[in-house]
Amino acid sequence: QVQLVESGGGLVQPGGSLRLSCAASGFTFSSKAMKWYRQAPGKERELVATITSTGGSTKYPDSVKGRFTISRDNAKKTVYLQMHNLNPEDTAVYYCNAVQNAWSAHEAGYWGQGTQVTVSS
């Protein structure tokens with residue numbers, strides 16, 4: 001069956017870095033665009049990174065641009081989110097999402113269970 005399993009979350013101090021991973025199985029990973037979302041308590045889910053199926057194009061909102069980098073390894077069926085210069089506002093549960101159309105806002109796709117990132121001193 002389809003699975004997306006996130007890992008790499010944890011507690012990090014402000015200014016620190018983390019790399020999240022999302023391992024995929026049960027579908028043709030290389031044909032799917034991948035996204036990372038986050039959701040903080042009491043807040044709406046926020047899209048923080050998008051990468052096309054080949055990895056040739058990426059997109060970030062202003063809130064993380066220059067600090068977050070999404071990448072993928074289609075041979076390993078894994079997408080990554082490298083996060084630098086983290087601040088407390090980045091605290092959230094981070095989810096990966098597989099979709100057919102990278103630029104559609106309305107496609108549900110497949111979801112992982114999420115990994116907690118906490119930025120605190």
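Which residues of strand S11 (residues 115–119) lie on its covered face, and which on the uncovered one? The close-up views below, drawn from a predicted model, start with this strand.

**View 1. The two faces of strand S11 and the strands that pair with it.** Thr115, Val117 and Val119 make up the covered face of S11, whereas Gln116 and Thr118 belong to the uncovered face. In a regular strand the side chains alternate between the two faces of the sheet. Strand S2 (residues 10–12) runs parallel to S11 and is joined to it by three bridges, with valine 12 standing opposite valine 119. Strand S9 (residues 92–99) is likewise joined to S11 by three bridges, but here the two strands run antiparallel, and tyrosine 94 has threonine 115 of S11 as its bridge partner.

**View 2. An open sheet of four strands.** The strands follow the order S1-S3-S8-S7, and their pairing is antiparallel. Strand S1 (3–7) and strand S7 (68–73) are the edge strands, each of which pairs on one side only. On average, and with direction ignored, neighbouring strands of this sheet are turned by 15 degrees against each other. Between S7 and strand S8 (residues 78–83), which run antiparallel, there are six bridges, and threonine 69 stands opposite glutamine 82 in S8.

View 3. Together with Tyr110, Phe27 and Phe29 form one aromatic cluster. Arginine 72 lies over the face of phenylalanine 29, at 4.4 Å from the ring centre.

**View 4. Tyrosine 37 and tryptophan 111, a pair that links distant parts of the chain.** The centres of these two rings lie 5.0 Å apart, with planes at 45 degrees, so the pair of tyrosine 37 and tryptophan 111 is tilted. Tyrosine 37 belongs to strand S4 (residues 33–39) and tryptophan 111 to strand S10 (residues 110–111), and the two are 74 residues apart. With 11% relative accessibility tyrosine 37 counts as buried, while tryptophan 111, with a relative accessible area of 30%, is partly exposed. Over the ring of tyrosine 37 sits the charged end of arginine 45, 5.1 Å from the ring centre.

Conventions: Residues numbered from 1 in each chain as written. Predicted model: local features only at pLDDT ≥ 70, side-chain atom pairs only at ≥ 80, totals over all residues. Heavy atoms only, no water. Buried < 20%, exposed > 50% of the residue type's maximum accessible area, 1.4 Å probe, protein only. Pairing = 2+ DSSP bridges. Axes fitted to C-alpha atoms, helices over the stretch in contact; angles between N-to-C directions. Phe/Tyr/Trp six-rings, centres within 6.5 Å; stacked < 30°, edge-to-face > 60°. Lys NZ or Arg CZ within 6 Å of the ring centre and 35° of its normal.
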